[in-house]
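Colleague: I would like to go through this model with you. Could you take me through the packing and then the charged pairs?

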Amino acid sequence: MPSLFRRKPADLVEDSVTTVTTDEESAARPRGYTPSKKELGQVTPKRPVAGRRPTAPAKPLTKEEARAQRRAARAEAAAEFRREGGPRDRGPERLLARNVVDSRRTIGTWFFGGALIVLFGSNQAMPPIVRLLSNVLWGALALGVLIDSILISRKIKRLVRERFPKSTEKLGSLYFYAIMRSITFRRMRAPAPRVNIGDKV
């Protein structure tokens, strides 16, 4: 029985080894003090520097370099707009309207050129026959654009109802969008045409 309550020599050694803290150190430390890793004998690992590129100081741009950089940024933005268009060109309905216009020849592409001829031809210094022909040309262009716009709008309306029956896009906005594109020269249209003339939409 006495051997059950006898302590082992190792237990006696552990009891004899205690951490001694001086009164001065305990007085200097505030309550809730947390010892640092250095005090605990731990070393914080450093981040590896291998593979890092030294950062060179930024060199100020000259006026010519800054101007060339701005010019390149504007050219890139213009090319992106030519390719993708702007916010008003987003949506499958707008793409369909563009394809309808781009797949056909429109009288509107000659509208501005004809308007320039009419402007010169209707001058009072011109002979009466020239002024008469200018007025006839102006009327023919206006009538042609009107008929072309009606045909384009009807086709857009039919295709939108067939392919996008749940569309919330306003048809009037689509008509105006398509008509404005139809009176723009093909090479100047943005976004650029994705279909050729005569392609089936």
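Colleague: What do the buried residues of α4 pack against?

Modeller: The buried residues of α4 pack against α6 and α7. Please keep in mind that this is a predicted model, in which local features need pLDDT of at least 70, side-chain atom pairs count only at pLDDT 80 or more, and totals for chains, interfaces and linings use all residues. Residues are numbered from 1 along each chain as its sequence is written, and side-chain values use heavy atoms, with hydrogens and water left out. Helices are DSSP runs (H or I, at least four residues), as are strands (E, at least two), numbered from the N terminus.

Colleague: Why is α4 said to be largely enclosed?

Modeller: Nine of the 11 residues of α4 are buried, so the rest of the structure largely encloses this helix. Buried means under 20% relative accessible area, exposed means over 50%, and partly exposed lies in between (1.4 Å probe, protein chains only). Among the buried residues of α4 are E93, R94, L96, R98 and D102.

Colleague: And which residues make up the largest nonpolar core?

Modeller: That core has 12 residues in all: L96, A97, V100, V101, I152, I156, L159, V160, L174, Y175, Y177 and A178. Two or more of these residues come from each of α4 (92-102), α6 and α7 (171-182). A nonpolar core is a set of buried Ala, Val, Leu, Ile, Met, Phe, Trp, Tyr and Cys residues joined through side-chain atoms within 4.5 Å.

Colleague: What does A178 touch?

Modeller: Not counting residues up to four places away in sequence, A178 touches A97, V101, I152 and I156. A contact here is heavy atoms within 4.5 Å.

Colleague: Now the charges. How many salt bridges are there?

Modeller: The count comes to five salt bridges, each being a side-chain nitrogen of Lys or Arg within 4 Å of a carboxyl oxygen of Asp or Glu. In one of them, E169 pairs with R94, with the closest N and O atoms 3.0 Å apart. E169 lies in the loop between α6 and α7 and R94 in helix α4, so this pair ties together parts that are 75 residues apart in sequence.

Colleague: Is R94 buried or exposed?

Modeller: R94 counts as buried, at 11% relative accessibility, whereas E169 counts as partly exposed at 26%.

Colleague: What about D102?

Modeller: D102 forms a salt bridge with R189, the closest N and O atoms being 2.8 Å apart. This pair links distant parts of the chain, with R189 in the segment after α7 and D102 in helix α4, 87 residues apart. Both R189 and D102 are buried.

Colleague: Which residue pairs with D148?

Modeller: D148 forms a salt bridge with R104, and their closest N and O atoms are 3.3 Å apart. D148 is buried, with a relative accessible area of 8%, while R104 counts as partly exposed at 24%.

Colleague: One last topic. Which residues does the "transmembrane region" annotation cover?

Modeller: The UniProt annotation, from an unreviewed entry, covers residues 107-126 and 132-153. Such annotations may be inferred rather than shown by experiment. In the model, residues 132-153 are 100% helix and 0% strand, with the end C-alpha atoms 32 Å apart. Residues 107-126 are 55% helix and 0% strand, and their end C-alpha atoms lie 26 Å apart.
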